[in-house]
Amino acid sequence: MSAQLTDAQLAEKDTMAKLGAGIALAGCGIGTGLGQGQIGAAAVGWVAEDGSKLGLALMFTVLPETILIFGFLAMFLL
């Protein structure tokens, strides 16, 4: 007795994998947004006190965005 999947079962398995990747990307985006909001507020205060720190503050603000980029990459590789 061989365990071969039908076309409908393969399509359902593929659909569930894509749904799981989308849910993971949504969670990644929400987490990045929540973290980036707090970092952005702190960066604005830091630059308001010392304008020479703009580049460093911008780097800290953009850093969480790399997580979302990796999530997009993983989703498209799936």
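## Surface, fold and side-chain pairs

The accessible surface of the protein chain comes to about 6,000 Å². Carbon and sulfur atoms hold 72% of that surface. The model is predicted.

**Overall fold**

The protein chain has 3 helices and 0 strands. From the N terminus on, the elements run α-α-α. Helix α1 covers residues 7-49. Helix α2 covers residues 54-62. Helix α3 covers residues 65-77.

How does the radius of gyration of the protein chain stand against that of a compact globule of 78 residues? The protein chain has 20 Å, whereas such a globule would have a value near 12 Å. The box tells of the dimensions along the principal axes: the C-alpha atoms fill roughly 70 × 15 × 15 Å. Buried residues make up 14% of the 78 residues.

Take the contacts with a separation of 6 or more: residues 24 or more positions apart account for 62% of them.

**The nonpolar patch**

Five names belong to a nonpolar patch on the surface: Ile39, Leu56, Met59, Phe60 and Leu63. Together they have about 420 Å² of accessible area. Helix α2 gives the largest share of the patch, with 3 residues.

Leucine 63 lies in the loop between α2 and α3. Its relative accessible area is 47%, so leucine 63 is partly exposed. Phenylalanine 60, also named in the patch, is partly exposed at 39%.

Threonine 61 is found in helix α2. Is threonine 61 buried or exposed? The relative accessible area is 19%, and the cut-off for buried is under 20%, so threonine 61 is buried. Residues up to four places away in sequence are left out of its contact list. With that exclusion, threonine 61 touches Gln36, Ile39, Gly40 and Ala43. Ile39 is also one of the patch residues.

**Valine 47**

Valine 47 has its place in helix α1. Valine 47 is partly exposed, with a relative accessible area of 24%. Not counting residues up to four places away in sequence, valine 47 touches Lys53, Leu54 and Ala57.

A second pair of positions gives a sense of distance. Valine 47 and glycine 22 are 25 residues apart in sequence. In space they are 36 Å apart, C-alpha to C-alpha.

**The salt bridge**

The count comes to 1 salt bridge. The side chains of lysine 18 and aspartate 14 meet there, at 3.5 Å from N to O. Both residues lie in helix α1. They are 4 residues apart, about one turn of the helix. Lysine 18 counts as exposed, at 55% relative accessibility. Aspartate 14 is partly exposed, with a relative accessible area of 41%.

**The aromatic pairs**

How many aromatic pairs are there? The count comes to 2. Tryptophan 46 and phenylalanine 60 form a tilted pair, with 6.4 Å centre to centre and 35 degrees between the planes. Tryptophan 46 lies in helix α1 and phenylalanine 60 in helix α2, so this pair ties together parts that are 14 residues apart in sequence. Tryptophan 46 counts as partly exposed, at 29% relative accessibility. Phenylalanine 60 is partly exposed, with 39%.

Why does the pair of phenylalanine 72 and phenylalanine 76 count as stacked? The planes stand at 15 degrees, and planes under 30 degrees apart count as stacked. The ring centres are 6.4 Å apart. Both residues lie in helix α3, 4 residues apart, about one turn of the helix. Phenylalanine 72 counts as partly exposed, whereas phenylalanine 76 counts as exposed.

The table lists the relative accessibility of the residues in these side-chain pairs.

| Residue | Relative accessibility | Class |
|---|---|---|
| Lysine 18 | 55% | exposed |
| Aspartate 14 | 41% | partly exposed |
| Tryptophan 46 | 29% | partly exposed |
| Phenylalanine 60 | 39% | partly exposed |
| Phenylalanine 72 | 37% | partly exposed |
| Phenylalanine 76 | 65% | exposed |

Notes
Residues numbered from 1 in each chain as written. Predicted model: local features only at pLDDT ≥ 70, side-chain atom pairs only at ≥ 80, totals over all residues. Heavy atoms only, no water. Patch = residues over 30% accessible without salt bridge, like charges linked within 9 Å, V, L, I, M, F, W, Y side chains within 5 Å. Areas by Shrake-Rupley, 256 points an atom, 1.4 Å probe, with all protein chains shown as cover. Salt bridge = Lys/Arg side-chain N within 4 Å of Asp/Glu carboxyl O. Helix = DSSP H or I, 4+ residues; strand = E, 2+ residues; numbered from the N terminus. Buried < 20%, exposed > 50% of the residue type's maximum accessible area, 1.4 Å probe, protein only. Contact = heavy atoms within 4.5 Å. Rg over C-alpha atoms; globule rule 2.2 N^0.38 Å. Phe/Tyr/Trp six-rings, centres within 6.5 Å; stacked < 30°, edge-to-face > 60°.
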